[in-house]
Amino acid sequence: MTKLPQITNMAELRLEIDRLDAALVDLLAQRTAMIDRAIELKPGEGLPARIETRVEDVVTKVRARAIAAGLPPELAETLWREMMEFFIAREEDVLGKGDDGE
């Protein structure tokens, strides 16, 4: 579990939440850039947008990390599946759905 800074009132708490939200947005922007790079690389490697084994591998790793960090794994899985579906749809817009319709 992550150790929280000493917070004594709601104003301090809100500032810390805002700081964390900004960091999360920055990290999501970096992840989005990685997906954009995947869109560039996948055609050269003959890979479709959706690779179900990769999706499940990511979920397994995220759940394990969530447990280690003291985050409910169900929350982490829900967030990551939603995020991955968004990114897969983004990839499919560029790459197409592939031969099997996925």
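Trainee: Let's start with D36: is D36 buried, exposed or partly exposed?
Mentor: Keep in mind that we're looking at a predicted model. Buried would need under 20% relative accessible area and exposed over 50%. D36 comes out at 30% relative accessibility, so D36 counts as partly exposed.

Trainee: Which residue does D36 meet in a salt bridge?
Mentor: Look for a side-chain nitrogen of Lys or Arg within 4 Å of a carboxyl oxygen. Here the N to O distance is 2.7 Å, and the partner's side chain belongs to R90.

Trainee: Where do K61 and D57 lie?
Mentor: These two form a salt bridge, with their closest N and O atoms 3.0 Å apart. K61 counts as partly exposed at 49% relative accessibility, and D57 counts as partly exposed at 31%. They're four residues apart, about one turn of the helix, and both lie in helix α2.

Trainee: How many salt bridges does a search of the whole structure find?
Mentor: Searching the whole structure gives a total of 11.

Trainee: At roughly what angle do the axes of α2 and α3 cross?
Mentor: Two packed helices are described by the angle and the distance between their axes. Helix α2 takes in residues 52–69 and helix α3 residues 73–95, and their axes come within 9 Å. The crossing is right-handed. As for the angle, it's roughly 150°.

Trainee: How many nonpolar residues are in the contact of α2 with α3?
Mentor: On the α2 side, the residues that meet α3 include V55, V58 and V59. On the α3 side they include W80, M84 and I88. The contact has five charged residues and no polar ones, and the nonpolar count is 11.

Trainee: Is V55 buried or exposed?
Mentor: V55 lies in helix α2. Leaving out residues up to four places away in sequence, V55 touches R81, M84 and I88. Its relative accessibility is 7%, and the cut-off is under 20%. So V55 counts as buried.

Trainee: How far apart in space are A49 and I17, C-alpha to C-alpha?
Mentor: A49 lies in the loop between α1 and α2 and counts as buried at 3% relative accessibility. Beyond four places away in sequence, A49 touches residues including K42, E91 and L95. A49 and I17 are 32 residues apart in sequence, and the C-alpha to C-alpha distance is 34 Å.

Conventions. Residues numbered from 1 in each chain as written. Predicted model: local features only at pLDDT ≥ 70, side-chain atom pairs only at ≥ 80, totals over all residues. Heavy atoms only, no water. Axes fitted to C-alpha atoms, helices over the stretch in contact; angles between N-to-C directions. Helix = DSSP H or I, 4+ residues; strand = E, 2+ residues; numbered from the N terminus. Left-handed = near helix turned anticlockwise from the far one by under 90°. Contact = heavy atoms within 4.5 Å. Nonpolar A, V, L, I, M, F, W, Y, C, P; charged D, E, K, R; others polar. Buried < 20%, exposed > 50% of the residue type's maximum accessible area, 1.4 Å probe, protein only.
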